[in-house]
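Look over the fold, then read on.

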Amino acid sequence: MTIWDAPMRAALAEAADAAQAGDMPVGAVVLAPADGGASKIIARAGNRRERDHDPLAHAEMLALRAAAEVTGSWRLDDCTIVVTLEPCAMCAGAIAQARLARVVFGALDEKAGAVASLFDVLRDPRLPHRPQVISGVLANECAEILKQFFDARR
């Protein structure tokens with residue numbers, strides 16, 4: 001058990017909601033520091049590409065927008081995003097631009113992952129901001145929800 005398990009379970013709940021609505025089951029939560037040194041969830045989202053007919057409606061993008069609204073700033077310097085699937089290039093770019101302190105993800109995405117699998121956008125030394133990356137949190141559960149979703153569609 002890690003400190004990231006509870007927020008990842010919250011992200012998995014968002015992924016399950018997305019799947020129920022016919023979207024690929026990816027969920028994300030954004031954590032911000034709270035009083036006493038703990039973190040609290042300030043934003044959460046699941047994929048909404050199908051529901052919203054929006055190619056940009058990835059869970060990470062929606063959670064980042066919601067977190068910016070909550071904080072009143074696009075700079076999410078002290079925040080952490082926890083996402084069930086390794087972010088794609090678009091989402092990794094948005095995470096870097098938002099200046100998040102940390103990215104935590106569950107399952108690798110060997111087809112489109114841009115944090116470890118295909119690319120390493122977030123740790124590219126040419127970029128001015130490089131968040132900490134923690135991978136593999138509840139990876140089996142995160143992969144399983146995706147497997148079940150795609151198995152049901154075949």
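In this predicted model, α1 and α5 are roughly parallel to each other, because angles under 35 degrees count as such. Helix α1 spans residues 5–20, and α1 packs with α5 at about 10°, with the axes 10 Å apart. Axes are lines fitted to C-alpha atoms, for helices over the stretch in contact, and angles run from 0 to 180 degrees between N-to-C directions.

The residues in contact (heavy atoms within 4.5 Å) are these:

| Helix | Contact residues |
|---|---|
| α1 | Met-8, Arg-9, Leu-12, Ala-15, Ala-16, Ala-19 |
| α5 | Glu-141, Cys-142, Ile-145, Phe-149, Arg-153 |

They divide into eight nonpolar, no polar and three charged. Ala, Val, Leu, Ile, Met, Phe, Trp, Tyr, Cys and Pro count as nonpolar, Asp, Glu, Lys and Arg as charged, and the others, Gly among them, as polar.

Now the sheet. Five strands form an open, mixed sheet in the order β2-β1-β3-β4-β5. Strands pair if DSSP finds at least two bridges between them. Helices (H or I, at least four residues) and strands (E, at least two) are DSSP runs, numbered from the N terminus. The edge strands, β2 (39–46) and β5 (132–135), each pair on one side only. The twist averages 20° from one strand to the next.

Strands β3 (80–85) and β4 (102–107) run parallel, joined by five bridges. Thr-80 has Arg-102 as its bridge partner in β4. Helix α5 (139–153) packs on the sheet, touching β3 and β4, and its direction makes about 60° with that of β4.

Residues are numbered from 1 along each chain as its sequence is written. Local features need pLDDT of at least 70, side-chain atom pairs count only at pLDDT 80 or more, totals for chains, interfaces and linings use all residues, and side-chain values use heavy atoms, without hydrogens and water.

Note on methods. Angles under 35 degrees count as roughly parallel, over 145 as roughly antiparallel, 65 to 115 as roughly perpendicular and the rest as oblique.
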